[in-house]
Amino acid sequence: MKSLLYLVALTLLFSCQSKTESTADLPRIAIAGLAIESSTFSPALTHTAAFKARRDKEVFTFYPFLDEDSVNRKRAEWIPTLRAHSIPGGAVTRGAYDSLVNETLERLKANLPYDGVFFDIHGAMSVVGLDDPEGDFIEKVREVVGYETLISTSMDLHGNVSPRLAKNSDLITCYRMAPHEDAIQSKKRAVTNLLDRLESGKGKPKYKAWIPVPILLPGEKTSTRIEPGKGLYAKIPSVEAKAGVIDAAIWMGYPWADEPRNHAVVMVTGDDEAEVRTGAEMLAQAFWEVRNEFEFVAPVATLEESLEMALKSTESPFMISDMGDNPTAGGAGDVTWTLRELLTRPEFKTADGPSLIYASIPGPDLISKALEVGVGHEVSGYVGAAVDDRFAPPILLEGKVESILEGDIDADVEAVVSVGSMKVIVTKKRKPYHQEEDFTNLGLDPRNTDIVIVKIGYLVPELYDMRKGWIMALTPGGVDQDLERLDYQRINRPMFPLDRDMATPDLSVRWISKSGKE
């Protein structure tokens, strides 16, 4: 019996030692990041509460490719810290930024050292009183984790890559599709590149090519569904496939922030100087050559013209993008200009008029009253323009409460109010409406509605597949699609298309040095 117990104990001991040694052999990789698009042309401010933060093991839920049984999860000892994202909005307050960054740094300090960091950001965060927040953030991360640690940065293609961010990122990539159907795939690529460089012992790439391209276009003109964006981004895989190249990326930049770093960028990383240079300069030149070919991904018109088209359409739903106040691009989401116009239209005054869904307008005053009276009763309350009242004032909305839904992660409380033939979605807090279930959960049937108006730019996949007709309305707001109406003061000039007659820019490589204290 003693011999048997001894053997069991010995087996457990070796098992523990083996497991310890196995874990010790794996690279230690931290995960951290903040993500938001912030319009400096919107009066809105973004506070800490807007960021949906996940901490420790909860961070893994962002990444299906890091599920517990996944291959990549087993290739490293992962130390998730804090990863937070917010619906796009106005500039982030300095207090919110400092709070989230400082918490991340403290969590990183608690588990030093690291072989690598997966730095997951958007790239278009604006912070009150601070230029280049992502550059500032990554520098602070560097001060904690050191300069030997490899950092792999994953970004949205509508982000901005300053030289500071490029220098402190050893590996860097971004999405290659707009709409961003490859978001998870791109993040996985950033992680796989990091793991491969750590496991092979190759470490930091020898060369990082950075080329600023003086082009600044809205995402609604740079969709990869159509040319020239489709063909431009299709050139990336051939560059990435070259021996000695790790990754190639094109950033369109974010046009609704007035900062010097806001412009397009091409970056290629790798170990072969000639291939990295050739690939980067080819992509930058290809971008510049097609600059005049970028058009809106769908027809555009005034709101009045858009409504006339929708009313004449024989198929439904006819979708109208209320673009100027798109909350997923950085608009305040509470501009009432479009809703005010709709309420004056005679076609929608009576219940037997063309059916229309408007999604959506924040109105905490109306929401509180709707909760009091309940479904099926008349309600009257103010909606909108609490944040952005530059184009129209708050509206007194009066109608019948059709449904109420509580507990939404973004809106908190939603209510559908019938006004004539319109169904207006009112929310306690702003919310984008992208999925069909966003409507059906409220008892609405968008597929069988004549007109659906959504605060959005280009339609996301579910709405795109649902539409029978579609027009993008050039409405006012913090993310106005007519960039020439925006009062830029600080972006680098000349900039296409604001300066259409500008001279051909220097599109040669700027070599970015390896991360370090120098």
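Asp-132 is found in the loop that runs between β7 (116-120) and α4 (133-145), where helices (H or I, at least four residues) and strands (E, at least two) are DSSP runs numbered from the N terminus. The model is a predicted one, in which local features need pLDDT of at least 70 and side-chain atom pairs count only at pLDDT 80 or more, while totals for chains, interfaces and linings use all residues. Residues are numbered from 1 along each chain as its sequence is written, and side-chain values use heavy atoms, with hydrogens and water left out.

Most residues other than glycine have a negative phi, and most peptide bonds are trans. The phi of Asp-132, by contrast, is positive, near 55 degrees, and that of Asp-56, in the loop between β4 (52-55) and α2 (71-74), is positive as well, near 50 degrees. Asp-132 is buried, with a relative accessible area of 8%, whereas Asp-56 counts as partly exposed at 40%; buried means under 20% relative accessible area, exposed over 50%, and partly exposed in between (1.4 Å probe, protein chains only).

A cis peptide bond joins Ala-359 and Ser-360, with omega about 10 degrees, and Ser-360 belongs to strand β15 (residues 356-362). The peptide bond from Arg-493 to Pro-494 is also cis, with omega near 5 degrees, and Pro-494 is placed in the loop between β21 (469-473) and β22.

Strand β22 takes part in an open sheet of four strands, ordered β11-β12-β10-β22 with antiparallel pairing, two strands being paired if DSSP finds at least two bridges between them. Because β11 (245-251) and β22 (510-511) stand at the edges with a single partner strand each, one side of each is left without a neighbour in the sheet. Helix α9 (residues 273-289) packs on this sheet and touches β10, β11, β12 and β22, its direction making about 160 degrees with that of β12; contact means heavy atoms within 4.5 Å, and axes are lines fitted to C-alpha atoms, for helices over the stretch in contact, with angles running from 0 to 180 degrees between N-to-C directions.
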